[in-house]
Each structure stands twice: as C-alpha cells, then as structure tokens.
Amino acid sequence: MTRRSPRPFTSRAAMRVAVALPLLAGASLIATQQLGAQVFPGHDTDAPVDYAADRIELQDKQNRVVLTGNVDIKQTDLRLRAARTVVNFTNADELKLQRITASGGVTVTRGNEVATGDTAIYDFNKRIITMIGNASLKRDSDTLRGGRFVIDLKSGVSSASGGRVSGTFSVPKQN
C-alpha cells in the first residue's frame, strides 16, 4: 500500500481562495449595510426631550445648558446616558433645541439596539446622531465596531468609519 502525500497548494486551490475571499468580503459588507440600515427606525425626532442629572447649569448668554453627573436624556423610546452633556438651543420666540453633545461613557439605546462611544452628538436640525471614539452598535447578538458611527434618524441609515470596522453577525440555525 503506497502512502500518498498531501496535495501541494495548487494554482486551482489558489484560484478558489481568490474567488472565495472577495465573495466573503462582499457578504460581510452587505451584512454590515443591512445592520446599519435599520438603526433606530421610525424614531419621532419631534417628540419632547426629558432629562435628569445630578447637576444643571444654565448658561443663558451662551444659549446652552450643561448637565453633569448621571445624565439621562429621553425622547420617546430613545435614551441617551452620559457623564456630561452640553445642550445648545436658540432662544428667539421660543426655546428650541439645536444639539446635544454628550461625553463620558455615552450609551444610546432604543429597544434592543445599543450604541456606545466616547462622545455623541445629536444634531436636532439634521436629525443625526454621531458616535465618536470606540463606537459600537449592538443589536441582539450582532455587533458592529468602528471609530465613528453616523446614525441618520430620518432615513434610518447609518454608516461606520474611522479606521478598521469590525463586527460579528449571527447566523440563523438550521432545523
């Protein structure tokens, strides 16, 4: 009985790898886009904003409010938590929120979706939340990580950038 040595890495095997890698990369990109495409869908950006914090400072001349210590901001079912926030507003005929800038272990949640980052900016005019620094997005067992996320609350589409983007996607179990 003659023992056969394992087949060397052939050009045919190299061709399979060359074809499979772009397909896998494309599947990952599609999965990333699908995860991001449904972030915080249907959020009512016109709803009132409620807040709570350990301390509040109204800086009327600068048209801003500084909230510090266990900051908890809610707009319907969207919740933002941070160590500190600066709330910018206009004060013409009525008080109108422009932007919330949160820092210090920022967490934004809605339902089963959790976005985290070092800093978050909620732009009320553009209806966009930007998570910056160690940003991550988790929905159920799917996770996406990057340096920066931009979540468009109008369209429900988000994008990740800022260095290498990575994540984990769950695979449905077969019966």
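This is a short tour of the structure, stop by stop.

**Before you start**

The model is predicted, so local features need pLDDT of at least 70 and side-chain atom pairs count only at pLDDT 80 or more, while totals for chains, interfaces and linings use all residues. Residues are numbered from 1 along each chain as its sequence is written, and side-chain values use heavy atoms, with hydrogens and water left out.

**The whole protein**

Show everything as a cartoon. You will find one helix and ten strands. Helices (H or I, at least four residues) and strands (E, at least two) are DSSP runs, numbered from the N terminus. Follow the chain from that end: the order is α-β-β-β-β-β-β-β-β-β-β.

Of the 175 residues, 32% are buried. Buried means under 20% relative accessible area, exposed over 50%, and partly exposed in between (1.4 Å probe, protein chains only).

Contacts come next; the term means heavy atoms within 4.5 Å. Take those between residues at least 6 apart in sequence: 38% join residues at least 24 apart.

**Strands E3, E4 and E5**

Select 64-75, 78-91 and 95-110, which are E3, E4 and E5. Two strands pair if DSSP finds at least two bridges between them. E3 and E4 are antiparallel, with ten bridges. Pick Arg-64 and look across to Asn-88, its bridge partner in E4. Then go to the hairpin of E3 and E4, with two residues between the strands. There, Thr-76 has a positive phi near 50 degrees.

Move on to E4 and E5. They also run antiparallel, joined by eleven bridges. Thr-90 has Lys-96 in E5 as its bridge partner. Three residues lie between these two strands in their hairpin.

**The cavity**

How many cavities of 30 Å³ or more are there? The count is one. On a 1 Å grid over the protein atoms alone, a cavity is a set of points where a 1.4 Å probe fits but cannot get out; lining residues have an atom within 4 Å of a point. Grid points are joined across faces, edges and corners, and a volume is the space filled by probe spheres set on the points.

Select some of the lining, including Val-49, Ile-73, Leu-80, Ile-100, Tyr-122 and Phe-124. E3, E4 and E5 each supply at least two lining residues. Colour the lining by class: nine residues are nonpolar, one is polar and two are charged. Ala, Val, Leu, Ile, Met, Phe, Trp, Tyr, Cys and Pro count as nonpolar, Asp, Glu, Lys and Arg as charged, and the others, Gly among them, as polar.

Find Asn-134 in strand E7, residues 128-139. Its phi is positive, near 50 degrees, in a residue other than glycine. Asn-134 counts as exposed because its relative accessibility is 61%.

Step along to Asp-140, in the loop between E7 and strand E8 (142-152). Asp-140 is not a glycine either, yet its phi is positive at about 50 degrees. Its relative accessibility is 52%, so Asp-140 counts as exposed.

**Last stop: Val-165**

Val-165 sits in the loop between strand E9 (158-161) and strand E10 (166-168). At 32% relative accessibility, Val-165 is partly exposed. Which residues does Val-165 contact, leaving aside neighbours within four places in sequence? They are Leu-144, Arg-145 and Ala-160. Finally, select Gly-147: Val-165 is 18 residues from it in sequence and 7.6 Å from it in space, C-alpha to C-alpha.

Conventions
1 Å grid on protein atoms, 1.4 Å probe; cavity = no way out; pocket = protein on both sides within 12 Å on 5 of 7 lines; lining within 4 Å.
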